[in-house]
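Take a look at the fold below. The text then goes from the annotated region to the whole chain, and ends with single residues.

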Amino acid sequence: MAVDVIYLDFAKAFDTVPHRRLMIKLRNIGLEHNICNWIENWLKDRVQRVVVNGTFSNWTSVVSGVPQGSVLGPLLFNLFINDLEGGIDSTVSIFADDTKLCKTISSMQDAAALQSDLTKLDNWAANWKMRFNVDKCKVMHFGRNNINANYLLNGCVLGVSLMEKDLGVFGDNKLSNARQCHSVATKANKVLSCIKKGIDSRDENIILPLYRSLVRPHLEYAVQFWAPVLKKDINELERVQRRATKLVKGMED
């Protein structure tokens, strides 16, 4: 079975959400009038200016963008793009500003259908004053019999990617976990080095809590997806475990 996955990237996603269009969507989904007014007051009357070598530009109004670092920012962005997949026949996966469009490809007709859905997403972005960063949008072809079709976004042919980091996990077009295992082992070993150099004690009651809180999360994050099956990948992760046990007094061997 052949599958094409298109990785889409909004250009400055959180900074380009138009305030007026956002408020239209919030009211259309039935959000209470007082809450809409509160959000509108929270967003409006913001100004900004630029300082270069001590020279100040004029103040200008901020008419787009949701404040990053705020609690409401990601929520408002999700509500704004909530109708992104309307009318799309292919599978759309959305997590914040990370969007993927995928479809099983068995013929050129399937590729044409995926292209049609991609065009619909591009039109949605244009209608709502958003923009995809074409240079960062990629397509990954899965399957030996994949026809490797080209896809256009905003008149440009999307680049082909052999590997992508998706929500912190590396994946390639051969569904190999080697890169992810190596990345995880490298991060875990760096943390173990810091523990070894920074902590004089080798007491189990000190080392084990540090291992559980600082090292093990790297080894277990999304492991249900990338759990290694090849012996070389398993051994690479096992070496991290053995290195950790050697930090505990009495378990050096």
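UniProt lists residues 1–158 as "domain: Reverse transcriptase", in an unreviewed entry. The model shown here is predicted.

Now take the whole protein. It holds 8 helices and 13 strands. Its radius of gyration is 24 Å, whereas the globule rule gives 18 Å for 253 residues. The value is well over the rule, so the protein is more spread out than a compact globule. A box drawn along the principal axes tells how far the C-alpha atoms reach: roughly 65 × 55 × 45 Å.

What share of the residues is buried? Of the 253 residues, 36% count as buried, and buried here means under 20% relative accessible area. The accessible surface of the protein is about 15600 Å². Carbon and sulfur atoms contribute 52% of that surface.

Contacts come next. Take those with a separation of 6 or more: 63% of them join residues 24 or more positions apart. The protein carries 33 positive and 27 negative charges. Their mean positions are 5 Å apart.

A single pair gives a sense of distance within the model. L208 sits in helix α6, which covers residues 204–220. N37 is 171 residues away from L208 along the chain, and their C-alpha atoms are separated by 51 Å.

Two backbone angles deserve a check. Most residues other than glycine have a negative phi. K12 has a positive phi, near 50°, and is not a glycine. This residue lies in the loop between β1 (3–9) and α1 (19–28). The relative accessibility of K12 is 63%, so K12 counts as exposed.

N154 also has a positive phi, about 55°, and is not a glycine. Where is N154 placed? It falls in the loop between β9 (152–153) and β10 (156–157). Its relative accessibility is 57%, so N154 counts as exposed. Both loop positions can be looked up in the view above: K12 between β1 and α1, N154 between β9 and β10.

Conventions: Residues numbered from 1 in each chain as written. Predicted model: local features only at pLDDT ≥ 70, side-chain atom pairs only at ≥ 80, totals over all residues. Heavy atoms only, no water. UniProt positions renumbered as here; feature names shortened; annotations may be inferred. Helix = DSSP H or I, 4+ residues; strand = E, 2+ residues; numbered from the N terminus. Rg over C-alpha atoms; globule rule 2.2 N^0.38 Å. Buried < 20%, exposed > 50% of the residue type's maximum accessible area, 1.4 Å probe, protein only. Contact = heavy atoms within 4.5 Å. Areas by Shrake-Rupley, 256 points an atom, 1.4 Å probe, with all protein chains shown as cover. Lys, Arg positive; Asp, Glu negative; His and termini not counted. Charge placed at Lys NZ, Arg CZ, Asp CG, Glu CD.
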